[in-house]
Amino acid sequence: MKTFGLIGTPLSHSFSKKYFSEKFFKENITDAEYQLFPLENIEGIKDLLKHPTLLGFNVTIPYKSEIIPFLDELDAVAEEIIAVNCVVKQQGRWVGYNTDVAGMKETMQKVEGGKEKGERGWGKSEGKKEELAIVLGNGGASKAVCYVLKQKNVPFLVISRKKTDETITYNEVTEQLIHRAKFIINTTPLGMFPNVNEMPQIHYTAFNKRHILIDLIYNPEETLFLKEGKKRGATVINGLTMFQVQAEASWRLFSQVPPNTF
């Protein structure tokens with residue numbers, strides 16, 4: 001039996017095991033299993049990498065960057081982003097990839113295609129000026145989001161709890177700044193099950209119908225962050241598309257592992 005799985009902490013919010021188990025059943029994949037591997041400390045990965053039938057695993061909060069020193073190699077995108085959410089055993093070596101990028105690209109295409117409310121694209125608004133994206137959080141998921149924004153030539157600001165050379169703090173996100181922005185993207189776990197009463201501390205009263213809010217959280221389906229935007233007429237998109245696309249991209253990598261890898 002080939003073993004795949006998910007590492008991180010906590011994992012109670014994750015749909016990954018259910019998603020892959022249902023996929024294996026529907027597609028009659030009988031030689032694979034998908035398990036959850038909660039790790040309270042990234043050092044626990046050392047033992048997991050010795051698992052006799054483990055051929056690949058996904059990585060979630062908070063280890064998307066912390067996993068890197070334990071890997072043998074990164075693909076070009078993961079190396080540029082410095083974040084990994086998919087690890088595959090290839091010829092006895094553990095190789096890190098980032099399939100969150102594919103998920104974020106698909107999410108943005110939903111906006112560009114007008115599949116959400118209105119015909120709201122990325123980059124320039126009505127040919128007049130560039131539109132700003134505010135990215136809440138600077139963890140591993142944020143790095144993938146920023147990578148895609150760069151590809152789309154969308155200017156952005158990253159918000160974190162502590163000020164760095166590359167970020168500003170939540171206290172600096174004024175109502176005027178939110179009025180300048182068109183896209184507000186939550187990459188933090190605030191509001192994720194089971195802590196559904198949490199949300200990033202920003203000026204929600206500044207939201208209006210021209211804003212597009214994207215939350216990478218998919219459980220619950222609609223976070224408080226999205227509810228506050230929806231109340232004020234903003235377009236809201238959750239993280240389910242990103243989750244599904246990154247999962248399928250991960251499976252394409254997993255399924256390419258040769259059968260004699262054990």
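This is a predicted model: local features need pLDDT of at least 70, side-chain atom pairs count only at pLDDT 80 or more; totals for chains, interfaces and linings use all residues.

Modeller: Setting aside neighbours within four places in sequence, Leu216 is in contact (heavy atoms within 4.5 Å) with Ala141, Val145, Ile185, Asn186, Thr187, Gly239 and Met242. Residues are numbered from 1 along each chain as its sequence is written, and side-chain values use heavy atoms, leaving out hydrogens and water.

Leu216 belongs to the largest nonpolar core, which has 24 residues; Leu216, Met104, Val145, Leu149, Ile185 and Ile214 touch the most other members. Such a core is a set of buried (under 20% relative accessible area, 1.4 Å probe, protein chains only) Ala, Val, Leu, Ile, Met, Phe, Trp, Tyr and Cys residues joined through side-chain atoms within 4.5 Å. Helices H4 and H5 and strands S9, S12 and S13 each give two or more residues to this core; helices (H or I, at least four residues) and strands (E, at least two) are DSSP runs, numbered from the N terminus. H5 gives the largest share, seven residues. Another core, of 20 residues, lies apart from this one and includes Leu136, Leu177, Ile202 and Tyr204.

Met242, one of the contacts of Leu216, is buried in helix H8, as are Phe243 and Trp251, among others. H8 covers residues 240-254.

Terms used. The expected span of a helix is 1.5 Å times one less than its number of residues. Buried means under 20% relative accessible area, exposed over 50%, partly exposed in between (1.4 Å probe, protein chains only).
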